[in-house]
Amino acid sequence: MMNLTLKIWRQKNASDKGQIVDYPISGISPDMSFLEMLDVLNQELIEKGEQPVAFDHDCREGICGTCSLYINGRAHGPQTKITACQLHMRSFKDGDTIYIEPWRAEAFPVVKDLIVDRTSFDRIQQAGGFISVNTSGNTQDANAIPIEKENADKAFDAATCIGCGACVASCKNSSAMLFVSAKVSQFALLPQGQVEATDRVLNMVKQMDEEGFGNCTNTGACEVECPKGISLENIARMNREYLSASLKG
Ligand code: SF4
Ligand code: FES
């Protein structure tokens, strides 16, 4: 069992200044997940009549992308290619001090404690992250359209982006290029995505800029910290898509 000191960002609401608060915690099993460790802390806080720490979570299995925690200065913690909910306490040692903070980006304002508002990502998706398909009953079976394996694999890899925002949180410019490029690429590589391709990339990039995300300066921090291993290759593809759409427009 481990004894730890947690240093957690507490912020009552969006306008509160916020501060780091120390919480000693004991009896933590190395087999607990990081979020289970926070559950233990919250149970103790509730029993003492204190406010529990607000943090986002849903699936707890690396799929939904809500568990946005900055742990010891890294998005999703010290391990690569996993989300915070897949992190286990065996990654830490007895006596460790662990800093836990929310994502920091102008376009992701803090709602409370460790929860940030990521609806900016939703608005980017709404600007073009979809295809329009006739579902009146005469839709062609998708499997009837042959797709080159290399493109199918790359489209699938891009589609594994879970919209967590770790790429933004890890980028010194708070750029959302890796996220947006994954969403553009998953359609750009497939025939079904071609109909709206020009509008999609122009509208999604426009919305990204309006939301206040910074510019990409190719530092590559996003790719390193992305829990799904989304490749920088997608950013290059989106830049090509954007250039060609701008010339058409
Ligand atoms: S690109 Fe990676 S880090 Fe960024 S939102 Fe998608 S899954 Fe998260
Ligand atoms: S809680 Fe769903 S990805 Fe972590």
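Modeller: Before we start, contact here means heavy atoms within 4.5 Å. This is a predicted model, where local features need pLDDT of at least 70, side-chain atom pairs count only at pLDDT 80 or more, and totals for chains, interfaces and linings use all residues. Residues are numbered from 1 along each chain as its sequence is written, chains are lettered from A and ligands numbered from 1 in the order in which they are written, and side-chain values use heavy atoms, with hydrogens and water left out.

Colleague: Thanks! Which domains does the chain have?

Modeller: Domain 1 covers 2–111, and domain 2 covers 118–133 + 145–248. Those bounds come from an automatic or database domain assignment.

Colleague: And how many residues are in contact between them?

Modeller: On the domain 1 side 20 residues are in contact with 21 residues of domain 2.

Colleague: What area do the two domains bury between them?

Modeller: About 1500 Å², with 55% of it on carbon and sulfur atoms. That is the accessible area (1.4 Å probe) that two parts lose on being put together, summed over both. In domain 1, K81, A107 and F108 lose the most area to domain 2, together 33% of what that side buries.

Colleague: How many salt bridges are found across that interface?

Modeller: The rule finds two, a salt bridge being a side-chain nitrogen of Lys or Arg within 4 Å of a carboxyl oxygen of Asp or Glu.

Colleague: New topic: what is the strand order in the open sheet?

Modeller: Five strands run in the order β2-β1-β5-β3-β4, and the pairing is mixed. At the edges are β2 (19–28) and β4 (74–75), each pairing on one side only. Strands here are DSSP runs (E, at least two residues), helices are H or I runs of at least four, and both are numbered from the N terminus. Two strands pair if DSSP finds at least two bridges between them.

Colleague: How do β1 and β5 run, and how many bridges join them?

Modeller: They run parallel, with four bridges joining β1 (residues 2–10) to β5 (residues 97–101). L6 has I98 as its bridge partner in β5.

Colleague: Back to charges: which residue does E225 meet in a salt bridge?

Modeller: R74, at 2.9 Å from N to O. E225 sits in helix α7 (residues 221–225) and R74 in strand β4, 151 residues apart.
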